[in-house]
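Subject: Structure handover and side-chain notes

Dear colleague,

I am passing on the structure below, together with my notes on its side chains. Please read the notes with the structure open beside you.

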Amino acid sequence: MTLDGFLTVLTLAAAIYAVLSPVQRQRVSLTWRPQLLLALPMLVVILGFELYDWSPPACPIALGDICPPLILGGAEPGVARKFAFLLAFAWLSGAVAIHAIAKPTLSSVPAFTEVATALIDEEQYGDALKLVEPQIALLAHASRRKCSRQRLRDWLEEFGPTQEHSFRRYLRRSGPRRYSGKNLPAWAAAPVRWLARFVPAGRRGERAAGDLFQLLMNSPQLFNYIVSRRPYFALGLVREQVYGGADFLERFLGELMRRPGSALYQEVATNDHSDGLVGYHLPARNRILHFLFANAKVAEELSAWQGVGDYLKRLLGGDERPDYWVWLNGRPDWFEREQMRDPTYVGMLFFDIMVSSAAKQGVGYHMWLYYFTSFAEMLERGYDSSAAGIDRTAEFPIRAARLLYELVSHLTGWVGMLRHLPEGAVHRGVPDRPDYPATIPFAAAQALGRVLAVSVLSQKVDDGVIQTLHDVAIRPIKELHPDEGDRSALRAYLINALLSGGDRKSDPAYLARLAELLDRNDDLIEYEIPDYVAALKARIDGTDR
């Protein structure tokens, strides 16, 4: 390789760097230190061989017969330049290897966030997210002072005892302090604390990472881009437990619900395969649902129900789409084709996936399935089948009637879930507080009682729809045998919940209406649930007196 050829290679490398995208250029700049350590000696040696025809080093005798193939032409002219070419090739290989394996560090976070912020300010959101996404873990550690250098500095500064009511104790970070020397005398801990001044604090990286996360989670334009174009980027922010991540997830899920056709709608629509008698199969391709419910403890810690549930309450309350109730009060023709674009239907299915996952995995919480009582109250409040062309004698005269049916079906499914849970499962236990049960089957029974009361006493819901809801609600009673331990306890609890209807324990109108609906059933139903019939009659007799 001649000197002109070497200069051409350098010029070409500079030209390639000039046309790199901001993301690629930033990745190169993050490795400039090791690249410089490799480039300087290589550049000096190559120029030495090019300009002064240095002789290449002799082949070590220890290599024996391997040496002849390695000798570059003996005394022929141009051997030095041949060796310079090999050095240039080695330099190129080393630079590529460094670029592939080198990772950003805490020291590079301020420069990194500066470039990312500039890209966001220039509305180059795609490039910004491509730059940030691989480094979310580093940024999260830097913002929470979890990088090794930051932890060492904090450990040194906090080493030793701290006075009970001192300001230093107030500033000390929460969490366990291992090997903290808290039992040492102050004079013994002082030299260790003095060493902290020699360890960089990493404050710039901490502030820069925190500022970038606040921009990522609070920029309206960027948030809109993430929801519509890069929804799975949001999971990285939440997964790394960034400060404010739970609030971000709530807004994120609510916005996904607001957009039929979003990633959440697509995942729910393709996640309808059951996994045994309880729960759904959660394929990894459905990244949002898999992230939240493959380990349902994650959904509990992040309150995954809140974003979806609050959006449905706003929607059914008329605060989101004024035309939505016009659609709900229309004829339910072709509802099966439309249901996966209906927010209420998809939202209830989201709850079903969440609740069943928690029950199957033994997450001891009701996952706020009580949202369903609010949904039922709002569906009843807006119910109106008086429009022209509505057949009020049909099983489901309007779409709102169909949604009420789906809601009650989900609740009865969660009640009956107890039969399929293994012995000793968390959600087979009888709750300590009957008025506020945390186990899913019992909580669902309580919610079902409230929903039935809302429906039965409604002056708006059509009589045939009320009859259907009633029949579906009492169906789980016969499936819970009265002589089988926790099934018996749930059966008794469900009967009480249905008859009390929430807080209507002595409402004669409600009890009379239940008796009327029960009489319309086949006598076989009454034969299968004699304890329910007896309890209903006893309550009616009690209220008559």
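Predicted model: local features only at pLDDT ≥ 70, side-chain atom pairs only at ≥ 80, totals over all residues.

Residues are numbered from 1 along each chain as its sequence is written, and side-chain values use heavy atoms, with hydrogens and water left out.

Aromatic pairs

The structure holds 22 aromatic pairs, where rings of Phe, Tyr and Trp (its six-membered ring) pair if their centres lie within 6.5 Å, and where planes under 30 degrees apart count as stacked, over 60 as edge-to-face and the rest as tilted. One of these pairs is formed by Tyr-370 and Tyr-436, which are stacked at 6.1 Å centre to centre with 15° between the planes. Tyr-370 lies in the loop between α22 (343–361) and α23 (371–382), and Tyr-436 in the loop between α24 (399–416) and α25 (440–456), so the pair ties together parts that are 66 residues apart in sequence; the helices named here and below are DSSP runs (H or I, at least four residues), numbered from the N terminus. Of the two rings, Tyr-370 is buried, with a relative accessible area of 6%, while Tyr-436 is partly exposed at 36%, given that buried means under 20% relative accessible area, exposed over 50% and partly exposed in between (1.4 Å probe, protein chains only).

Phe-372 and Phe-375 form a tilted pair, with 5.6 Å centre to centre and 45° between the planes. Both residues lie in helix α23, 3 residues apart, which is about one turn of the helix. Phe-372 counts as buried at 0% relative accessibility, and Phe-375 is likewise buried, with a relative accessible area of 0%. The residues of both pairs belong to one aromatic cluster, formed by Phe-293, Phe-350, Phe-351, Trp-368, Tyr-370, Tyr-371, Phe-372, Phe-375, Trp-414 and Tyr-436.

Charges over rings

The charged end of Arg-251 sits over the ring of Phe-223, 4.7 Å from its centre, and the charged end of Arg-287 sits over the ring of Tyr-232, 3.8 Å from its centre. A charge sits over a ring here if NZ of Lys or CZ of Arg is within 6 Å of the ring centre and within 35 degrees of the ring normal.

Salt bridges

A search of the whole structure finds 23 salt bridges, each being a side-chain nitrogen of Lys or Arg within 4 Å of a carboxyl oxygen of Asp or Glu. Among them, Arg-203 and Glu-206 meet at 3.6 Å, N to O, and these two residues are 3 apart in helix α12 (residues 203–218), about one helical turn. Arg-203 is partly exposed, with a relative accessible area of 33%, whereas Glu-206 is buried at 18%.

Asp-463 forms a salt bridge with Arg-520, the closest N and O atoms being 2.7 Å apart. This pair links distant parts of the chain, with Asp-463 in helix α26 (residues 463–479) and Arg-520 in the loop between α28 (508–519) and α29 (523–528), 57 residues apart. Asp-463 counts as partly exposed at 36% relative accessibility, and Arg-520 counts as partly exposed at 42%.

Helix α26 also contains Lys-478, which is 50 residues apart from Glu-528 in helix α29; the two form a salt bridge whose closest N and O atoms are 3.6 Å apart. Lys-478 is partly exposed at 34% relative accessibility, as is Glu-528 at 30%. Salt bridges that share partners also join Arg-145, Arg-153, Asp-154, Glu-157, Arg-203 and Glu-206 into one network.

Two single residues

Thr-468 is found in helix α26 and is buried, with a relative accessible area of 17%. Not counting residues up to four places away in sequence, Thr-468 touches Glu-395 and Tyr-405, where contact means heavy atoms within 4.5 Å.

Gly-362 is placed in the loop between α22 and α23 and is partly exposed, with a relative accessible area of 32%. Leaving aside its neighbours within four places in sequence, Gly-362 is in contact with Val-426 and His-427. The C-alpha atoms of Gly-362 and His-427 are separated by 6.8 Å, although the two residues are 65 residues apart along the chain.
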